[in-house]
Amino acid sequence: MRDKLKNLLFFTYMLTFLSGANFQLFASYIDDSHPSENFNQRVKYLVIHCIGLSEEETLKTLTKSGEHGGGGVSAHWLVPSKKPSGVEKFPLYSLVKEEDRAWHAGESYWRRDANINGISIGVEFHSPGYGVGGDIYNFGTFSEEQILAGFQLLKDIRERYQISPENVVYHSDIAPARKTDPGINFPGKRLHYEYGVGMWPDQAYNSSIGGPSSTRAVTELLKKIGYKIEPSEELDASSCKVVSAFQLHYRPQDYSGDIDAETGFIAAQLVKQYNL
Ligand SMILES: [Zn+2]
């Protein structure tokens with residue numbers, strides 16, 4: 001950016017000089033010898049998605065504007081479900097430059113931040129079958145080659161922006177009322193253990209250990225983790241969706257949205273492990 005600006009200043013100067021314009025140019029230069037320590041990365045969150053259209057439709061939806069596209073949605077990266085024939089390496093589609101804002105999160109909230117689009121990188125995994133018939137509980141699958149290529153990308157993004165484990169989220173975590181992606185088949189446990197990306201409880205649940213199971217205790221834990229939920233004695237429709245979103249991510253075999261000891265145990269583990 002600075003080099004571009006330097007070039008521009010020089011170019012403007014030369015143009016003025018050559019055209020013989022009759023005004024005095026105020027010459028300036030950029031001195032970058034005083035870098036400040038007081039800043040942080042614009043990118044704070046990594047948001048994982050999936051999309052279940054055909055690959056052709058997916059690319060059109062995420063890249064074209066207006067009537068030819070998907071109504072103004074995009075993501076920084078798209079990980080296809082398979083390698084195209086005739087290509088040696090697995091492609092990772094870069095759709096929006098990471099320094100620009102992609103429109104992937106919509107209305108969203110995490111850890112007291114709203115409008116996650118402005119402070120995140122969004123990665124879409126193509127997941128054939130997801131959302132078939134307009135049902136967002138029809139979950140798609142992910143291929144092994146896609147996981148190997150895509151998880152390396154997630155690891156690379158996490159390292160480049162130093163994204164902390166609790167700031168790696170599913171779309172369903174940050175928009176639980178509207179979204180269920182990437183869904184129960186996305187291997188979040190593997191992403192944590194093999195690639196060091198995102199949170200996962202160290203200890204497995206065991207019914208003899210038990211866990212907090214009162215609605216107030218569990219909703220308080222979910223709020224600490226980052227979800228948009230008001231702790232209370234009883235679940236309303238929207239907090240039930242939040243519990244379900246938490247389960248979709250960390251206890252995918254049962255995402256009913258009902259509170260139980262295992263859900264409470266996992267939430268308590270994460271709060272303790274990650275000091276939330
Ligand atoms: Zn999504």
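Two rings of Phe, Tyr or Trp are taken as an aromatic pair if their centres lie within 6.5 Å. By this criterion, the predicted model described here holds 16 aromatic pairs. A pair of this kind is described by the distance of the ring centres and the angle of the planes. In the pair formed by F125 and F151, the centres are 6.2 Å apart and the planes stand at 80° to each other, an edge-to-face arrangement. How accessible is F125? Its relative accessible area is 0%, so F125 counts as buried, and F151, also with a relative accessible area of 0%, is buried as well. Both rings take part in a cluster in which ring pairs link F125, F142, F151, Y170, F186 and Y195.

Leaving aside residues up to four places away in sequence, S127 touches C50, I51, G52, G140, T141 and F142.

Which residues supply the protein donors of the zinc ion? They are H49 and H171, each through ND1, and D181 through OD, lying 2.1 Å from the ion. Along the chain these donors follow the spacing H-x121-H-x9-D. H171 sits in helix α4 (residues 171–174), while D181 is in the loop between α4 and α5 (188–195); the pair therefore ties together parts that are 10 residues apart in sequence. Both H171 and D181 are buried.

Side chains of opposite charge can pair when their charged atoms come close. The structure holds 13 salt bridges, and three of them are described here. In one, the side chains of R160 and E98 meet with an N to O distance of 2.6 Å. Because R160 lies in helix α3 and E98 in the loop between β3 (93–94) and β4 (109–110), this pair ties together parts that are 62 residues apart in sequence.

A second salt bridge joins E230 to K223, with the closest N and O atoms 3.5 Å apart. Here E230 is exposed, with a relative accessible area of 57%, and K223 is partly exposed, at 38%. In a third, D260 pairs with R251, and their closest N and O atoms are 2.9 Å apart. Is R251 buried or exposed? It is buried, with a relative accessible area of 4%, while D260, at 23% relative accessibility, counts as partly exposed. This bridge is part of a network of salt bridges linking R251, D254, D260 and E262.

Some overall values complete the description. The secondary structure of the protein chain comes to eight helices and seven strands. Of its 276 residues, 42% are buried. When contacts between residues at least 6 apart in sequence are considered, 65% join residues at least 24 apart. The accessible surface of the chain comes to about 15500 Å², and carbon and sulfur atoms account for 52% of it.

Note on methods
Residues are numbered from 1 along each chain as its sequence is written. This is a predicted model: local features need pLDDT of at least 70, side-chain atom pairs count only at pLDDT 80 or more; totals for chains, interfaces and linings use all residues. Side-chain values use heavy atoms; hydrogens and water are left out. Donors are N, O and S atoms within 2.8 Å of the metal (3.2 Å for Na, K and Ca); water is not among the atoms, so sites may look incomplete. Helices (H or I, at least four residues) and strands (E, at least two) are DSSP runs, numbered from the N terminus. Buried means under 20% relative accessible area, exposed over 50%, partly exposed in between (1.4 Å probe, protein chains only). Rings of Phe, Tyr and Trp (its six-membered ring) pair if their centres lie within 6.5 Å; planes under 30 degrees apart count as stacked, over 60 as edge-to-face and the rest as tilted. A salt bridge is a side-chain nitrogen of Lys or Arg within 4 Å of a carboxyl oxygen of Asp or Glu. Contact means heavy atoms within 4.5 Å. Accessible areas come from the Shrake-Rupley method with a 1.4 Å probe; for residues, only the protein chains shown count as cover.
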